Every structure is written in C-alpha cells, then in structure tokens.
Amino acid sequence: MDQTDDLLHGFERRIDEQLDRAERLKAAMNEVRVTAQSRQGDLQVTVDSTGALAALRLSQEALSRAPQELAGEILGVTRSAQVSLAERMRQVTTEVLGRDSETARFVADTYAEHFVPAPQDASR
C-alpha cells in the first residue's frame, strides 16, 4: 500500500506542478504587449498578446499624410509589431517552461506561423 500511496502522491505532485506552470504561462502571455513605430516616428502601434491592435498613436505629422499612405503605414507597423510579438512569445514560453519544452516550442511556432514577416520585412 505504501508504494501505491507514494506513486499517487508523486503523480499528484507532477500534475500540480504542470498546472502551476500552465497558470504562470497564461499570466505571462496575457501581459505581453509589443509596440512598434514608423521609421519617421510619427505613428506608433501596440498589439496585445493575441496580435490585436491595442493602441494607436498618431502625431500631427502622420495626419498630414494622404489617407492611403497613412493606412498602409499603420498596417505595416502593425505587422512589424505582430512579428515582434511572435519572438516575444518565444521568449516568454521558454522562460516559463524551459528550452526543452515541447509545449513552449508549439506555442512559439504557432505564433511564428501566424505572424510571418511580409516579404519586404524579411530584410529588416
């Protein structure tokens, strides 16, 4: 009976440790925000942990651009922030779960596949 109890306690401990890591990862990922700005510095976007636009700051100079040009720049800077988000999520998952974690690799790879650089961004 003692071996069975030890086995069950060890199993429960491992489950508790995994649940704790999962909660820490969830909290760390939810806190992630990434900000990027245009080359001119006249517009800035922040994306949240899902890659959604969380904040947009436009200077007076940005507002003097043609609407199509400004829209394109906002989209480009947003994409840049999202690509940076993928790398930040790789760091966060590795910090919480460790370099050898399959879960960390899966989460990081999922972000990297979802937020790929545009062809012109690849050289940045």
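Predicted model: local features only at pLDDT ≥ 70, side-chain atom pairs only at ≥ 80, totals over all residues.
Student: Which residues of α4 are buried, and how wide an arc do they fall within?
Tutor: Buried means under 20% relative accessible area. In α4 that holds for Ala 104, Val 107, Ala 108 and Tyr 111. Seen down the helix axis, the buried residues line one face, because they fall within an arc of 95°.

Student: Which residues of α4 are exposed on the other side?
Tutor: Exposed means over 50% relative accessible area. On the other side of α4, the exposed residues are Glu 102, Phe 106 and Glu 113.

Student: What do the buried residues of α4 pack against?
Tutor: The buried residues include Ala 104 and Tyr 111. The partners of the buried residues are two helices, α1 (2–31) and α3 (67–97).

Student: Which residue caps the N-terminal end of α4?
Tutor: Look at the backbone nitrogen of Thr 103. A side-chain oxygen lies 3.2 Å from that nitrogen. The oxygen belongs to the capping residue, Ser 101.

Student: Which element supplies the largest share of the largest nonpolar core?
Tutor: The core has 21 residues, and Met 29, Leu 43, Leu 85 and Tyr 111 have the most contacts inside it. At least two residues each come from α1, β1 (34–37), β2 (43–47), α3 and α4. The largest share is nine residues, supplied by α3.

Student: Why is β2 described as largely enclosed by the rest of the structure?
Tutor: Count the buried residues of β2 against its length. The strand is largely enclosed because the buried residues number four of the five.

Student: Val 45 lies in strand β2. Is Val 45 buried or exposed?
Tutor: Val 45 touches residues including Val 34, Leu 53, Ile 74 and Ala 81. The relative accessibility of Val 45 is 0%. The cut-off for buried is under 20%, so Val 45 counts as buried.

Student: How far is the C-alpha atom of Val 45 from that of Thr 35?
Tutor: Along the chain, the two residues are 10 residues apart. Val 45 also touches Thr 35. Their C-alpha atoms are separated by 5.6 Å.

Student: In what sense do β1 and β2 pair, and which residue is the bridge partner of Gln 37?
Tutor: The two strands form a hairpin with five residues between them, and Gly 41 in the turn has a positive phi of about 80°. Over four bridges, β1 and β2 pair in the antiparallel sense. In β2, the partner of Gln 37 is Gln 44.

Student: Gln 82 lies in helix α3. Is Gln 82 buried or exposed?
Tutor: Gln 82 touches Val 47, Gly 51 and Phe 115, not counting residues up to four places away in sequence. The relative accessibility of Gln 82 is 17%. Buried means under 20%, so Gln 82 counts as buried.

Key. Residues numbered from 1 in each chain as written. Heavy atoms only, no water. Buried < 20%, exposed > 50% of the residue type's maximum accessible area, 1.4 Å probe, protein only. Arc of directions from axis to C-beta. Contact = heavy atoms within 4.5 Å. Polar contact = N/O pair within 3.5 Å; in protein donor to acceptor, adjacent residues only side chain to side chain. Core = buried A, V, L, I, M, F, W, Y, C linked by side-chain atoms within 4.5 Å. Pairing = 2+ DSSP bridges.
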